[in-house]
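Let's take a walk through a protein model together. Have a look at the sequence and the 3D view first, and then we'll go through the picture piece by piece.

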Amino acid sequence: MRGERPPTTSGPGPAEDLPVDPDSPAPLPPEPARPARAGQWDVIAVIALGGGIGSVARYELAQAWPTKTSHFPWATFTTNISGSLLLGILMVYVQEIWPPNRYLRPFLGVGILGGFTTFSTYTVELRGLLATGHLALADAYALTSLIAGFAAVWTGIAATRRLARLPVRRGPRRRSQAGRTATATPPAGPDTDPTTATTTSPGSAR
């Protein structure tokens with residue numbers, strides 16, 4: 001019939017050329033596809049084996065040294081501090097003394113020491129002290145665990161490097177190198193006196 005509009009089809013129409021803001025950033029190129037990782041099930045198995053050994057060792061220590069209610073958790077404290085000391089020793093041997101090995105750090109560091117030390121038990125015991133109103137004991141347990149842990153790691157690293165006759169690191173540069181650098185003669189330049197090899201400012205030259 002006349003006067004009727006033709007039916008319209010729903011759906012997206014053809015793409016239209018819309019104006020582009022010249023100040024808008026350009027679209028980023030698509031990221032390249034990442035290559036698939038090689039199988040690491042052997043490393044995971046080594047970590048699981050070491051974690052089981054470390055966890056059993058921690059359990060046996062906790063059973064041999066039980067903590068009474070509202071007392072300082074000496075078993076967990078000793079576990080974490082000794083584990084921090086061993087971790088410092090291990091890092092020197094793994095990174096600077098022993099040859100590279102695929103399974104050494106995962107087994108000893110992530111596995112055994114990761115299973116031997118515990119942060120979850122530390123937080124549960126700390127929460128228990130706070131819940132029972134032993135605020136001073138909880139504060140002492142929290143602070144001494146952190147401070148002693150850092151000190152144990154540093155002691156393990158420093159003692160192992162000294163016993164292995166490796167230079168003890170003191171920052172990005174050794175002190176002897178820093179002293180030689182500070183007293184080194186500056187290179188000659190346009191404002192340098194060639195007879196004394198000292199830099200003079202333009203205002204002091206006569």
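**A tour of the model**

R165 lies in the loop between α5 and α6 (175-182). Helices like these (H or I, at least four residues) and strands (E, at least two) are DSSP runs, numbered from the N terminus. R165 is exposed, with a relative accessible area of 78%; here buried means under 20% relative accessible area, exposed over 50%, and partly exposed in between (1.4 Å probe, protein chains only). Another residue with a positive phi is S70, at about 65°, although S70 is not a glycine. You'll find S70 in the loop between α1 (41-64) and α2, and at 29% relative accessibility it counts as partly exposed.

Before going further, a word on what you're looking at. This is a predicted model, so local features need pLDDT of at least 70 and side-chain atom pairs count only at pLDDT 80 or more, while totals for chains, interfaces and linings use all residues. Residues are numbered from 1 along each chain as its sequence is written, and side-chain values use heavy atoms, with hydrogens and water left out.

Now step back to the whole chain. It has 6 helices and 2 strands, and along the sequence they follow the pattern α-α-α-α-α-α-β-β. Of the 206 residues, 19% are buried. Contact means heavy atoms within 4.5 Å. Among the chain's contacts with a separation of 6 or more, 68% are between residues 24 or more positions apart.

How do helices pack against each other? Two packed helices are described by the angle between their axes and the distance between the axes. Axes are lines fitted to C-alpha atoms, for helices over the stretch in contact, and angles run from 0 to 180 degrees between N-to-C directions.

Take α4 (residues 120-131) and α5 (residues 135-163): their axes come within 7 Å and cross at roughly 155°. That makes α4 roughly antiparallel to α5; angles under 35 degrees count as roughly parallel, over 145 as roughly antiparallel, 65 to 115 as roughly perpendicular and the rest as oblique. On the α4 side, the residues that meet α5 include Y122 and L126, and their partners in α5 include L135 and Y141.

Helix α5 also packs against α2, at an angle of about 30° with the axes 8 Å apart. That makes α2 roughly parallel to α5. Among the residues making this contact are F77, L85 and V92 of α2 and Y141, A148 and T160 of α5.

Stay in α2 (residues 74-97) for a moment, because that is where G83 is found. Is G83 buried or exposed? G83 is buried, with a relative accessible area of 3%. Leaving aside neighbours within four places in sequence, G83 is in contact with L113, F116 and T117. G83 and L113 are 30 residues apart in sequence, yet 6.1 Å apart in space, C-alpha to C-alpha.

Finally, how far can you trust the picture? The chain averages a pLDDT (the predictor's confidence in each residue, from 0 to 100) of 79, and 64% of the residues score at least 70. Over residues 172-187 pLDDT stays under 50, and the model has 8 contacts beyond four places in sequence for them. Where pLDDT is low, the predicted coordinates should not be read in detail.
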